Every structure is written in C-alpha cells, then in structure tokens.
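This briefing is meant for someone opening the structure for the first time. Please look over the sequence and the model below before reading the points that follow.

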Amino acid sequence: MSAVRIASLLPSATELLFAIGAGDDVVGVTHECDHPAAARRLPVLTGNLLDHVGQPSAAVDRHIRAALHQGSGLYALDEERLFGLRPDLIVTQELCTVCAVAYTEVDRAARRLGADVPVLSLEPRSLDDICATALALGRATGHGGGADALVSAMRGRIAAVEGRRPPDPRSGVVCIEWTDPIMAGGHWVPEMVRRAGGHDLCGHEGEPSHTITWEEVVVAAPDVMVLMPCGHGLERTLELATEVTERPGFASLPCASTGRVAAVDGSAYFNRPGPRIVDGLEILAAILRSEPPARLPDGAAWVPC
C-alpha cells in the first residue's frame with residue numbers, strides 16, 4: 001500500500017513519519033504533535049477533554065481515573081475535520097488508554113469514512129519494537145528507504161551507547177514516570193536503563209508502567225533517580241520534583257546524599273516511542289556517568305536535593 005494522505009493520531013507516529021520522509025503526506029495531527037516544527041502547522045484533529053494545566057499530579061491522576069471509570073474518553077476526535085481531510089491511512093495506538101484517542105473511537109470514525117480506510121495501530125514495547133514501527137510506517141506509506149535509513153541510524157546510536165563500558169558497579173536506578181502516585185517507568189524504559197549501563201530497580205522490561213508505593217522506592221535505595229513524568233517537559237518536571245523530594249525518607253536515599261537525582265524532558269525523550277527515544281538513551285547514559293555539578297545534556301538537569 002502507498003498512502004498519500006495520512007492522519008496521525010499519535011505524536012510519536014507523527015515524529016516517525018516526518019523522520020522517514022513522509023511528512024509531506026501527513027494531512028492532520030493531534031493537539032500534542034509538537035515535533036518537528038512543521039507538524040505544528042497542520043490541521044489539529046483532537047482536543048483534551050480534561051483541563052489539568054498546572055494542577056498537582058495527584059489531582060490530574062484523580063481526574064483521569066474518574067473519567068476512565070465513568071467510561072469517558074480523555075480526548076475528543078474532530079470527526080468532521082477528519083472526514084474533510086479524506087485520509088487514506090490513519091495511524092494510532094492501543095497501548096495506553098491515556099496517551100491518545102481511544103482506538104475504538106478511531107476505528108468507528110474510519111468505518112464512517114466509508115472507503116475502507118485502514119487504521120495502523122502501533123504497539124511498541126521495546127527499542128527494537130520502536131524500530132519495527134518505523135519500518136511498518138515505511139511500508140505503509142511508500143517510504144521504505146527512508147525508514148531503513150532511520151532505523152539503521154537509530155540502531156547504530158543504540159549500539160554505540162551499549163558498547164561503552166558500563167560504570168562499575170552498575171548503578172541501581174529508579175525511573176519515576178508519575179510523581180503522585182508514584183509510577184515506575186515500564187515498556188522500553190527499563191531496557192534503556194540496562195543499555196545505558198544501569199540496573200532498573202522497580203521497572204520491568206516490556207511490561208507496562210505501574211504504580212508503586214513510596215516505601216518500595218525507599219527499600220530499593222536507588223543510586224540514581226530519574227524523574228520523567230509522562231507528558232511533561234523539563235521545566236514542569238523540575239516544578240513537580242518536590243512531590244518526590246519532600247517525601248519522608250527521601251533525604252536518606254543514596255541518590256539524595258550524592259545529589260544524583262535528575263529531571264528530564266520525558267515528553268520528548270522517554271514517554272514517546274519515536275525517533276528521539278535514542279536521544280533519551282544518550283541522555284540517560286550521561287546521567288549514569290555523571291555526578292553533580294557536572295552539566296547534563298539538553299533535556300536533563302540535576303534536581304536540588
């Protein structure tokens with residue numbers, strides 16, 4: 001199949017499509033598709049139904065859980081605008097219920113288009129899976145050569161990071177994907193920790209992110225802590241850091257005593273399974289090989305402890 005009009009309902013898919021050379025074929029995106037800059041100029045097909053800008057993490061979590069419990073969606077799909085764009089391929093996901101428009105809603109809209117418009121659902125759980133999604137998009141859009149080139153470059157950079165001699169001993173790491181309640185990063189994040197030279201103490205490779213207690217973090221006694229709350233950039237993550245650093249027992253953790261608590265731009269480099277996930281891997285490797293006050297790469301900063 002060679003698609004020439006693509007509706008991307010997933011920020012990571014939008015990034016991949018532009019990275020493989022299919023950006024000119026993308027006719028519509030989500031309200032969260034902020035990279036590359038050209039994507040911001042495209043028609044927006046979704047909107048956020050929950051207004052949680054600036055709210056504490058616990059309040060955001062309560063709103064999301066309540067909406068899901070009531071069977072309400074978190075995002076609105078502008079079906080009329082979608083129909084007007086006449087896409088011949090829709091790209092979405094089923095992996096996470098809070099990351100994109102519900103797959104059932106997308107599938108229903110695709111059927112209403114009435115032209116057998118295919119829906120390509122991307123479900124990566126590892127770095128290899130992310131590379132595989134790029135190749136799948138290449139096949140679906142007629143940009144196989146661009147996909148091959150992107151994946152080759154990504155795998156080369158991954159191999160370069162993994163080929164470095166790991167710190168001795170390997171640091172025990174906790175990656176926090178939500179600050180209240182505490183969630184340990186899953187899917188590809190624990191793999192990133194391993195490939196970067198560390199050992200993830202609370203996450204499990206290929207398995208979803210999951211809620212853990214603060215007591216579990218204290219017992220894990222991480223040498224390094226990385227704050228990467230889902231959907232947040234570096235500035236907001238630094239603002240939310242006190243939701244972790246002010247908890248009882250934080251000061252006694254090894255990572256607190258050495259100052260090795262880092263905040264990162266999770267939205268750009270860790271939460272989205274797109275091409276910039278490799279930048280996240282390189283950032284993570286730099287964190288594991290550094291101590292304050294050494295400067296971290298763009299997209300990361302030490303948290304005052």
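The model is a predicted one, and its chain holds 13 helices and 13 strands.

**The chain as a whole**

- Of the 305 residues in the chain, 52% are buried.
- When contacts with a separation of 6 or more are considered, 70% of those in the chain are accounted for by residues 24 or more positions apart.

**Helix H5 on its own**

- The buried residues of H5 are Leu127, Ile130, Cys131, Thr133, Ala134, Ala136, Leu137, Gly138, Ala140 and Thr141.

**Helix H5 against helix H6**

- Two packed helices are described by the angle between their axes and by the distance between those axes.
- Helix H5, covering residues 127–141, packs with helix H6, covering residues 144–162, at an angle of about 165°, and their axes are 7 Å apart.
- H5 and H6 are therefore roughly antiparallel to each other, a description that applies to angles over 145 degrees.
- The crossing in which H5 passes H6 is right-handed.
- On the H5 side, the contact is made by Leu127, Ile130, Cys131, Ala134, Leu135 and Gly138, while H6 contributes Gly144, Ala147, Asp148, Leu150, Val151, Met154, Arg155 and Ile158.
- Sorted by class, the residues of this contact between H5 and H6 comprise 10 nonpolar, two polar and two charged.
- Leu127, Ile130, Cys131, Ala134 and Gly138 are among the H5 residues in this contact, and these five names are also found among the buried residues of H5.

**Helix H7 against helix H13**

- Helix H7, made of residues 189–196, and helix H13, made of residues 277–288, have axes that come within 9 Å and cross at roughly 50°.
- H7 and H13 are therefore oblique to each other.
- H7 and H13 meet in a right-handed crossing.
- The contact involves Met192, Val193, Arg195 and Ala196 from H7, together with Ile277, Gly280, Leu281, Leu284, Ala285 and Leu288 from H13.
- In the contact of H7 with H13, eight residues are nonpolar, one is polar and one is charged.

Terms used:
Residues are numbered from 1 along each chain as its sequence is written. This is a predicted model: local features need pLDDT of at least 70, side-chain atom pairs count only at pLDDT 80 or more; totals for chains, interfaces and linings use all residues. Side-chain values use heavy atoms; hydrogens and water are left out. Axes are lines fitted to C-alpha atoms, for helices over the stretch in contact, and angles run from 0 to 180 degrees between N-to-C directions. Helices (H or I, at least four residues) and strands (E, at least two) are DSSP runs, numbered from the N terminus. Angles under 35 degrees count as roughly parallel, over 145 as roughly antiparallel, 65 to 115 as roughly perpendicular and the rest as oblique. A crossing is left-handed if the near helix is turned anticlockwise from the far one by less than a right angle, and right-handed if clockwise. Contact means heavy atoms within 4.5 Å. Ala, Val, Leu, Ile, Met, Phe, Trp, Tyr, Cys and Pro count as nonpolar, Asp, Glu, Lys and Arg as charged, and the others, Gly among them, as polar. Buried means under 20% relative accessible area, exposed over 50%, partly exposed in between (1.4 Å probe, protein chains only).
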